[in-house]
Amino acid sequence: MRRIVIIGATSGIGLEIARCYIRKGWRIGIAGRREEALKKLQYSAPDQIEYETIDVTSEDAVRGLERLIEKIGGMDVFLLSSGIGSQNKALDPVIELNTIRTNAEGFTRMLTAAFNYFKELREGHIAVISSIAGTKGLGAAPAYSATKRFQNHYVDALAQLAHIEKLDIKFTDIRPGFVATDLLKNRDYPLLMQADRVAFRIVKAIDKKQRIAVIDNRYKLLVFVWKLIPRWIWERLSIK
Ligand SMILES: NC(=O)c1ccc[n+]([C@@H]2O[C@H](COP(=O)([O-])OP(=O)(O)OC[C@H]3O[C@@H](n4cnc5c(N)ncnc54)[C@H](OP(=O)(O)O)[C@@H]3O)[C@@H](O)[C@H]2O)c1
């Protein structure tokens, strides 16, 4: 039985991915801060799921991950779906710094722990849900877009490090466009996707060990165009 750990499985994309892996018959270690949601998911497939309450911003998060790996008898795939994001045109520093704490500091804490676990085995698979928001700096969400860029680069760096160290660790950087989850706080966004459909595509990308997966094709085109826009034009665009 294959084993996956999913951090950020209490709602949204992570929850839907966990449901896909239940159907695939995997053993699943789930984590997040909301224990009630973790318990509820575990109750839906008690033979397959174990959980740990983990806050990625806390220093003892790595101990929690270790306990979770032990509970499911090892880990083949590590998936980080935890993240927060807010529009912050008022540039409230509390929002900016909390976003950095979760999406950069917490992300690094968990990824280094997963990398070091797989380093011992000399193989493994690390997948992260970053975002297309990392493609360009977004005026409406500075810390969110900057931390997503950080995540893209961090995974690139770890992939190179694995190569330097001759480790057979695979990496999948998943970059979805807008998905209807709590993160969007019921705001209206264009090209909105449903979390269950997105999760289905993500699981396919992980199965195929795809290095980078932009979801879906419409967003792939959008990212392609965004990347072509010169900085002096980008900075004059009103992207809300
Ligand atoms: N929705 C979108 O449009 C969209 C687009 C591109 C990328 N993404 C990315 O997809 C990922 C999942 O987001 P989502 O859309 O599914 O939103 P969501 O429903 O709000 O899910 C966020 C998940 O992250 C967990 N989380 C947040 N802070 C945490 C912390 N400090 N420690 C541990 N877990 C934490 C939450 O669990 P607890 O609250 O229980 O801790 C929850 O399970 C995020 O990284 C997000 O940036 C989302």
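A salt bridge is a side-chain nitrogen of Lys or Arg within 4 Å of a carboxyl oxygen of Asp or Glu. The views below come from a predicted model, where local features need pLDDT of at least 70, side-chain atom pairs count only at pLDDT 80 or more, and totals for chains, interfaces and linings use all residues. Residues are numbered from 1 along each chain as its sequence is written, and side-chain values use heavy atoms, with hydrogens and water left out.

**View 1. R211 and D156 join in a salt bridge.**
The N to O distance is 2.9 Å. The pair links distant parts of the chain, 55 residues apart. R211 lies in the loop between helix 6 (195-207) and strand 7 (212-215). D156 belongs to helix 5 (residues 142-164). Helices (H or I, at least four residues) and strands (E, at least two) are DSSP runs, numbered from the N terminus. R211 has 30%, so R211 is partly exposed. D156 has 37%, so D156 is partly exposed.

**View 2. K170 and D168 form a salt bridge.**
Here the N to O distance is 2.6 Å. K170 is partly exposed at 32% relative accessible area. D168 is partly exposed too, at 40%. The structure holds 16 salt bridges.

**View 3. D216 pairs with R218 in a salt bridge.**
Their closest N and O atoms are 3.0 Å apart. D216 is buried, at 12% relative accessibility. R218 is partly exposed, at 38%. Elsewhere, R2, R3 and D76 belong to one network of salt bridges that share partners.

Two strands pair if DSSP finds at least two bridges between them. Axes are lines fitted to C-alpha atoms, for helices over the stretch in contact, and angles run from 0 to 180 degrees between N-to-C directions. Contact means heavy atoms within 4.5 Å.

**View 4. Strand 2 has strand 1 and strand 3 as parallel partners.**
Strand 2 (residues 27-32) pairs with strand 3 over five bridges. A31 stands opposite E52 in strand 3. Strand 1 and strand 2 also pair over five bridges. I4 stands opposite I28 in strand 2. Strand 1 (residues 3-7) is mostly covered, with four of its five residues buried. In a regular strand the side chains alternate between the two faces of the sheet.

**View 5. Helix 1 packs against helix 6.**
The axes of helix 1 (residues 12-23) and helix 6 are 8 Å apart, at an angle of about 60°. That makes helix 1 oblique to helix 6. Angles under 35 degrees count as roughly parallel, over 145 as roughly antiparallel, 65 to 115 as roughly perpendicular and the rest as oblique. The crossing is right-handed. A crossing is right-handed if the near helix is turned clockwise from the far one by less than a right angle, and left-handed if anticlockwise. Contact residues of helix 1 include I13, I17 and Y21. Those of helix 6 include V198, I202 and I206.

Notes: Buried means under 20% relative accessible area, exposed over 50%, partly exposed in between (1.4 Å probe, protein chains only).
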